Amino acid sequence: MELMNPMFQDNESACPLTLQTCIKHHLMFSIGKSTSAAQLTDWRLALSLAVRDQVVAPWLRTIERIHAEERKRVCYLSMEFLIGRLLEDAIANLGLEDTAREAATALGVDYAELLADEPDAALGNGGLGRLAACFLESMSSIGVAGTGYGIRYAHGLFRQEFEGGWQAEEAEDWLAQRNVWEFERSETSLEIGFGGAVERTHNGKVWTPGETVRAVAHDTPIAGWKCRWVNTLRLWSVKPKRELELDAFNRGDFIGARTPAILAESISRVLYPDDTTPQGRELRLRQEYFFTSASLRDILHRFEADHDDLAALPSRVAIQLNDTHPAIAGPELVRLLTDERGLGFDQAFDIARDTLHYTNHTLMPEALECWPAELVGRVLPRHLELIGRIDERHMRDCAAAGRRRASGAGIRRGDEVRMGELAFVMARRVNGVSNLHTKLMRMSVFSELHGLHPERIENQTNGVTPRRWLYGCNPELRALLTETMGDGWVDELEELSTVEPLAEDASFSKRFMAARRANKVRLANWFGTATGQKPDPDTMFDVHIKRFHEYKRQLLNLLETIALWNEMRRNPGAGWVPRVKIFGGKAAPGYRMAKLIIKLLNDVAQVINSDPETRGQLLILFPPNYNVSMAERFIPAADLSEQISTAGMEASGTGNMKLALNGSLTIGTSDGANVEIAERVGSENIFIFGMNTDEVVERRRSYDPEAFISASPRLAEVLEQISGGAFSPEEPERFHAITNGLRGHDHFMLCADFDAYWKAQRSVDAAWRDPAGWARSAVLNTARSGWFSSDRAVRGYAKEIWQVEAGL
């Protein structure tokens with residue numbers, strides 16, 4: 001395939017270049033290496049630059065088109081953008097896969113190794129960040145004028161390692177190599193203030209910050225399918241106002257000379273610093289304000305370049321807050337409009353509220369951020385004042401509409417500022433991310449606010465991009481689907497329903513399962529290299545990949561695994577279905593119970609994996625540092641998808657969608673988007689178990705976990721083994737916090753659901769013993785999962801929330 005020389009892309013007589021020529025050009029002139037001296041990373045950087053050249057021109061054309069057509073812009077503010085590797089994604093969206101592979105081969109470089117050399121961008125943790133990445137890619141694929149705003153973390157979340165089975169956190173070093181996908185915009189440098197004091201002058205309130213830092217923009221082009229539209233991800237890094245205190249340095253205080261700069265730069269060092277300390281909580285608040293303020297300033301600057309009337313802002317810009325992290329956007333936008341642009345408070349409030357929209361991602365009150373008022377007042381004194389005025393204005397509006405707030409209600413309650421309520425009050429629309437989640441939002445965490453504003457909450461069920469989560473990560477299945485129905489499904493995923501009748505076709509099912517087995521062979525080989533344990537690809541791959549949290553119930557999975565191991569040892573001739581239990585995920589550094597569960601999982605794996613009696617029947621694999629690239633290995637190879645959260649606690653999930661789309665069968669509770677997946681794929685093609693949300697609420701009124709333990713000999717045996725030190729003989733009491741918690745209160749109701757989970761797993765075994773029936777269900781999961789595309793989700797946001805047009 002011939003490429004256009006990027007130096008002449010606006011010239012119709014431009015000279016065509018081959019990709020191989022472009023790679024060699026960048027290797028010499030951008031990397032400064034000869035072909036004989038180049039290492040793998042040099043080749044990867046050269047290929048990335050050559051591919052990036054092909055993205056830049058459509059990126060600039062998109063920007064020009066947005067301006068020329070006066071498109072309303074969507075600005076998506078998120079603490080996370082879990083974009084993963086970008087090279088393979090860009091190659092696929094440009095249609096250069098064969099060309100890139102041929103060029104690498106001709107240059108003597110292994111193409112697969114070249115792609116694998118790219119580090120994952122350490123910009124997220126879990127579903128929140130991956131959803132943001134999917135949405136940004138979908139906005140580009142369907143032609144929505146969108147910009148993502150976040151933080152350019154130098155070290156991301158952390159690199160997970162296991163030391164003696166315990167999780168250990170190391171700083172990520174994804175920026176140790178040059179990030180060729182970003183363009184630093186040093187000309188876009190904004191001052192962001194903290195602390196200081198607020199004074200009243202004849203012109204109104206004036207905030208004089210006690211310290212300031214600079215926010216510097218870094219832009220990454222995010223190409224859509226076929227590169228017809230390219231949006232921008234703008235990430236902010238922190239720079240100190242002064243890199244060095246020269247006077248201190250010259251006095252010999254070399255450390256003190258850099259201390260202010262180090263403290264400033266800490267803002268964009270790490271995603272989610274441990275907030276169990278006062279310093280950690282303050283750093284989190286500073287991070288959230290830093291990127292939110294920089295983003296709003298940038299948004300206003302762009303708006304004012306073309307418009308004089310600030311009242312027109314809501315008709316030209318829609319700002320989406322991805323969870324409560326950017327909730328400070330409400331008072332900050334009011335501050336920018338009043339203090340810096342001279343608008344009255346009420347007008348500024350109306351403009352801000354009509355521009356902002358809020359996506360809620362949790363039903364757990366403790367996850368809806370609350371900040372001590374003292375902390376907010378010390379770090380952001382002007383904002384604490386404005387939050388009070390926002391609360392007063394909201395109260396007046398409710399009274400004027402004949403709606404009365406409950407006593408004690410409000411954004412500020414006692415000594416706390418509640419960011420969920422702030423985000424709700426300052427948003428034109430508030431959305432949940434699954435039908436069940438939205439229903440529960442109205443009934444629980446926002447029940448009072450929903451009563452005051454019944455029109456405000458709506459649902460937009462999550463989705464995933466098919467370009468990465470089927471087309472990119474599952475080439476064998478992609479080839480089969482494209483051969484069968486063409487490639488229209490890649491940007492119209494609901495066309496997958498075309499293959500639904502083929503679930504009854506033995507020939508198609510055989511090829512479908514052969515594609516899945518090829519993925520399992522590939523993953524088994526990877527495990528053999530990465531962990532020294534190579535599973536049999538003909539065993540069931542049972543996959544549980546999520547961040548570690550008690551409500552996601554990795555512990556329930558582990559309890560059932562131990563019970564299964566016990567039964568296999570007691571009844572070795574019972575014809576057990578061989579299983580490989582695959583886990584992946586990280587625990588927050590300060591989350592002690594989740595880290596203890598990880599230790600238990602690793603200790604149990606050590607015992608079970610070394611047991612000769614169950615060798616070949618049961619294997620536990622838990623590689624460290626789960627990330628997007630690992631997910632791209634696991635998801636196409638998974639036979640069973642574990643979605644077993646306590647009913648009513650998972651907002652939606654997106655891993656459940658990715659796995660179903662690739663033909664995995666789900667075992668799960670009636671929680672989040674599992675409910676909608678079951679409705680789509682059919683109850684006979686999914687394994688739903690346990691209490692539903694109403695039953696959880698009712699059970700919690702008088703819950704006695706000991707009663708369930710006594711009624712379940714299997715569960716009682718497992719808890720006795722754990723508490724007795726069967727998996728920690730050198731420290732028998734190591735896991736007493738886990739077993740005592742389950743016996744004492746069991747907040748996430750593992751004991752109540754254990755027997756139902758065990759029974760559902762035996763139904764999975766029975767289904768697995770019928771290969772034709774399993775294949776039929778796998779095909780139907782893929783064929784009926786097209787609705788869970790992020791393209792569909794973004795179209796819903798565009799029409800019903802943002803009120804913008806989508807179109808290429």
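Visitor: How many aromatic pairs does a search of the whole structure find?

Guide: The model is predicted: local features need pLDDT of at least 70, side-chain atom pairs count only at pLDDT 80 or more, and totals for chains, interfaces and linings use all residues. The search finds 27 aromatic pairs.

Visitor: Why is the pair of Phe 249 and Phe 254 called tilted?

Guide: Their centres are 4.9 Å apart, with 55 degrees between the planes. Rings of Phe, Tyr and Trp (its six-membered ring) pair if their centres lie within 6.5 Å; planes under 30 degrees apart count as stacked, over 60 as edge-to-face and the rest as tilted. The Phe 249 and Phe 254 rings therefore form a tilted pair.

Visitor: What makes Trp 787 and Phe 788 an edge-to-face pair?

Guide: The centres of these two rings lie 5.2 Å apart and their planes stand at 90 degrees, so the pair of Trp 787 and Phe 788 is edge-to-face. Both residues are buried, a term for a relative accessible area under 20%, where exposed means over 50% and partly exposed in between (1.4 Å probe, protein chains only). Phe 249, by contrast, has 35% and is therefore partly exposed.

Visitor: How do you know that the charged end of Arg 478 sits over the ring of Tyr 471?

Guide: A charge sits over a ring if NZ of Lys or CZ of Arg is within 6 Å of the ring centre and within 35 degrees of the ring normal. The charged end of Arg 478 is 4.4 Å from the centre of the Tyr 471 ring. Lys 586 likewise sits with its charged end over the ring of Phe 158, 5.1 Å from the centre.

Visitor: What makes strand 7 and strand 18 the edge strands of their sheet?

Guide: The sheet is open, has nine strands in the order 7-10-11-4-3-12-13-17-18, and shows mixed pairing. Strand 7 (183-194) and strand 18 (457-459) each pair on one side only. Strands pair if DSSP finds at least two bridges between them; strands (E, at least two residues) and helices (H or I, at least four) are DSSP runs, numbered from the N terminus.

Visitor: How do you know that strand 7 and strand 10 pair?

Guide: Strand 7 and strand 10 (residues 211-223) share nine bridges in the antiparallel sense, and the definition requires at least two, so they count as paired. Within this pairing, Leu 190 stands opposite Ala 215 in strand 10.

Visitor: Why do strand 14 and strand 15 count as edges?

Guide: These strands belong to an open sheet of three strands, ordered 14-16-15, with antiparallel pairing. Strand 14 (370-372) and strand 15 (412-413) each have a single partner strand, so one side of each is left without a neighbour in the sheet. Strand 14 pairs with strand 16 (residues 416-418) over three bridges, and Trp 371 has Val 417 as its bridge partner there.

Visitor: Which residues have the most contacts inside the largest nonpolar core?

Guide: They are Phe 290 and Trp 802, in a core of 145 residues. Helix 9 (residues 278-306) gives the most to this core, with ten residues. A nonpolar core is a set of buried Ala, Val, Leu, Ile, Met, Phe, Trp, Tyr and Cys residues joined through side-chain atoms within 4.5 Å. Trp 802 also belongs to one aromatic cluster with Tyr 76, Phe 81, Phe 135 and Tyr 797.

Visitor: Is Leu 556 buried or exposed?

Guide: Leu 556 has 0% relative accessibility and therefore counts as buried. It lies in helix 21 (residues 554-570). Leaving aside neighbours within four places in sequence, Leu 556 is in contact (heavy atoms within 4.5 Å) with Ile 644, Phe 689, Leu 750, Phe 754 and Tyr 757.

Visitor: Are Glu 70 and Arg 553 buried or exposed?

Guide: Glu 70, at 59% relative accessibility, counts as exposed. Arg 553, at 0%, counts as buried. Glu 70 lies in the loop between helix 2 (40-68) and strand 3 (73-77), and its phi is near 50 degrees, a positive value in a residue other than glycine. Arg 553, in the loop between strand 19 (540-545) and helix 21, has a positive phi of about 60 degrees although it is not a glycine.

How values were computed: Residues numbered from 1 in each chain as written. Heavy atoms only, no water.
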